[in-house]
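Hello,

Here is the structure I promised to pass on to you. Have a look through it, and then read my notes below.

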Amino acid sequence: MVIKHIMPLTAIITVLRALGIWLFLAVVFIGLVLIGVGHGPWNYCWFFAMGCWLLLDTYWVVGTLTTKPIMLPRHYRRAVIVSFMVHAVYCLPLSSVPVLGQQILPHFIPLKILGAFMCATGVSFAMWARHILAGNWNAAVALQQRHVLIRAGPYAIVRHPIYFGFFLMALGMFLALGEVRGLACLAHALQFFEKMKFEEDILRTTYPDEYPGYERRVKRLVPFVW
């Protein structure tokens, strides 16, 4: 398989995305200090969730720029822009904005702590899976040269551990915030269902003798359930 070079614009957008989330966190921190709303466990859970997202974004950006270069499809660049917008909706202090800041979950501290824990667990799981993939990972849904079917580590628990981590993180971020705008994270995570199906079709074609058995043994997304 011929590996084409990454487009400079995509690399720039990827770096700007990481820098942008740092900027958003700086704005949030300054806002919390100035208006004094940083007091209370539920706010700290929200801030902790943003820190988890920042950690994941930074790890992903570094990994993207150090993997084998490929030609990324146009829809990937659109996905980066949409993701940047979701970051803005979630991370900026918009609790006083009508609709977006509407609280739809009760101010139940254990629930928000649970959300922060789920967020950290999801980020850790996704980073673990990304590390196990190593050179087999790329942003586009395509096989690399000397691609192998990974079935170790988190891939022995679910077939799509990165997406499992993303969904767990998105749900945790919603629970930690409890506002309407937190649903943007969950809605954004739904895009991975289509990507999962596409990836599975490729793997079934590439590994007709190995992948069907792997499908029977290991659940798709939720451990031991589905």
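Helix α5 has 17 residues, which should span 24 Å at 1.5 Å a residue, and its end C-alpha atoms are 24 Å apart, so the two agree. (The expected span is 1.5 Å times one less than the number of residues; helices are DSSP runs of H or I, at least four residues, numbered from the N terminus.) Of the residues in α5, 16 are buried, meaning under 20% relative accessible area with a 1.4 Å probe, protein chains only. Just after α5, G178 has a positive phi of about 75°.

Before going on: this is a predicted model, where local features need pLDDT of at least 70 and side-chain atom pairs count only at pLDDT 80 or more, while totals for chains, interfaces and linings use all residues. Residues are numbered from 1 along each chain as its sequence is written, and side-chain values use heavy atoms, with hydrogens and water left out.

Beyond its neighbours within four places in sequence, Y90 is in contact (heavy atoms within 4.5 Å) with residues including W53, M173 and C185.

V99 lies in the loop between α3 and α4, and F224 in the segment after α8. V99 is exposed (over 50%) at 60%.

Best wishes

Notes: Helix = DSSP H or I, 4+ residues; strand = E, 2+ residues; numbered from the N terminus.
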